[in-house]
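Hi,

Here is the structure I promised to send over. Have a look at it first, and my notes on what turned up are just below.

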Amino acid sequence: MKKIAFFDTKPYDKIYFDKFKDEFGFEIKYFESKLNPDTAHMATKYDAVCAFVNDDIGKETIKELCETNAKIVAMRCAGYNNVNFKEAYGKIHIVRVPAYSPYAVAEHTMALLLCLNRKIHRAFNRTREYNFSLNSLIGFDLNQKTIGIIGTGKIGRTFIDICKGFKLNVIAYDPYPQKNSDIKYVTFDELCTESDIISLHCPLNKDTNHLINEKAIEKMKKGVYILNTSRGSLIDSEALLNALKNKKVGAAALDVYEEETDFFYEDLSFKIINDDVLSGLISMPNVIVTSHQAFLTHEALKNIAYVTLSNLSHYFNNENLENEICYKCHKGEECSRKEGKRCF
Ligand code: NAD
């Protein structure tokens with residue numbers, strides 16, 4: 001029976017991995033520690049490694065994993081900005097779950113927008129204290145407002161459909177627009193200047209790092225709402241905080257934060273948060289922060305577990321690895337996977 005070293009385990013991870021592991025014939029050792037250069041040695045004597053969004057799969061970790069003789073890391077997520085593919089190439093196969101539920105993330109994005117706009121988070125706290133005042137709770141109709149979607153892949157597309165149900169006027173920016181679609185594409189600058197609400201659904205890479213920075217915010221409408229359920233570093237958080245302070249940005253909902261690795265998924269309610277930008281954002285009445293939870297539905301967790309274990313099963317059975325990704329194919333370059341083989 002093949003054994004998997006499972007890093008950064010939370011109780012909800014086990015629900016579906018435990019349900020499917022016997023079907024695939026795997027034994028899973030759940031480690032609470034995140035995967036990083038200091039913990040990689042824990043993978044010794046295991047046949048595979050399973051990692052998540054805030055694990056560090058950089059150069060040093062990969063070197064350490066190679067020492068343990070690891071041959072495959074199964075990411076139980078879609079994003080892969082935390083992986084050093086160049087270092088892994090030729091040594092460790094990286095597989096992922098490219099799509100598990102675009103609905104989970106898109107629906108959470110709309111939940112954040114509705115909550116933020118109609119001040120539900122504030123009303124909830126008030127009525128629990130028998131404060132039934134409506135002062136400062138005014139929102140706006142979404143009907144006919146313009147929403148700019150950055151990234152029109154699986155999640156962006158699903159969110160566009162939800163927005164259309166609310167009769168929002170949808171515009172979008174994507175350097176690789178969908179062909180023959182009903183999406184109204186504009187340039188990045190047009191999206192910034194025309195949108196009442198901006199929502200991020202693109203991957204994090206060197207082109208998109210701090211895509212929303214001081215310069216981009218400067219182009220936006222005064223009072224714009226910004227939603228980010230994609231990756232924290234798409235936004236320069238300090239620039240966002242300043243723009244919220246000077247009221248250029250009207251409100252923000254963040255499911256992700258650029259320095260989230262040190263905080264998200266942990267109960268730090270008894271600790272002092274050593275990050276003034278995060279503290280500043282959380283302290284604002286017009287900011288909602290959720291802890292990278294947009295994916296967290298039963299349907300998504302079930303698909304994540306099933307596809308992750310299928311990926312590993314394909315690897316051990318010498319079958320094609322359709323969900324493998326390497327530094328070549330993730331940039332759209334040719335690698336041997338294009339010929340129906342593995343990346344290397
Ligand atoms: P996808 O690959 O289907 O779509 C990404 C889209 O972004 C593509 O259409 C691509 O062309 C576009 N894009 C690439 N570079 C761009 C740029 N410079 N500007 C604008 N658009 C660009 O991915 P997806 O499944 O829709 O996921 C989108 C992102 O959502 C992922 O990269 C991940 O970071 C994030 N995500 C977050 C959670 C969460 O729980 N918060 C869960 C899953 C995914």
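In this predicted model, an N or O atom in the side chain of D255 lies 3.0 Å from a nitrogen atom of the ligand. D174 also takes part through its side chain, with a polar atom there 2.6 Å from a ligand oxygen. G153 contributes through its backbone instead: a polar atom of that backbone is 3.3 Å from an oxygen of the ligand. On its own the ligand would expose 870 Å², and the protein buries 85% of that.

As for where the ligand is placed, you will find it in the largest pocket. There are 23 residues around it, and those that come nearest are Y100, K154, I155, D174 and D255. By type, the shell around the ligand holds eleven nonpolar, eight polar and four charged residues.

Which residues line the largest cavity? They are Y12, D13, Y16, F17, L301, I304 and A305. Two helices, α1 (11–24) and α11 (298–316), each supply at least two residues of this lining, with α1 giving the largest share, four residues. The lining of the largest cavity splits into six nonpolar residues, one charged and no polar ones.

Best wishes

Technical notes:
Residues numbered from 1 in each chain as written. Predicted model: local features only at pLDDT ≥ 70, side-chain atom pairs only at ≥ 80, totals over all residues. Heavy atoms only, no water. Near = heavy atom within 4 Å. Polar contact = N/O pair within 3.5 Å; in protein donor to acceptor, adjacent residues only side chain to side chain. Areas by Shrake-Rupley, 256 points an atom, 1.4 Å probe, with all protein chains shown as cover. 1 Å grid on protein atoms, 1.4 Å probe; cavity = no way out; pocket = protein on both sides within 12 Å on 5 of 7 lines; lining within 4 Å. Sits in = over half its atoms within 2 Å of the grid points. Nonpolar A, V, L, I, M, F, W, Y, C, P; charged D, E, K, R; others polar.
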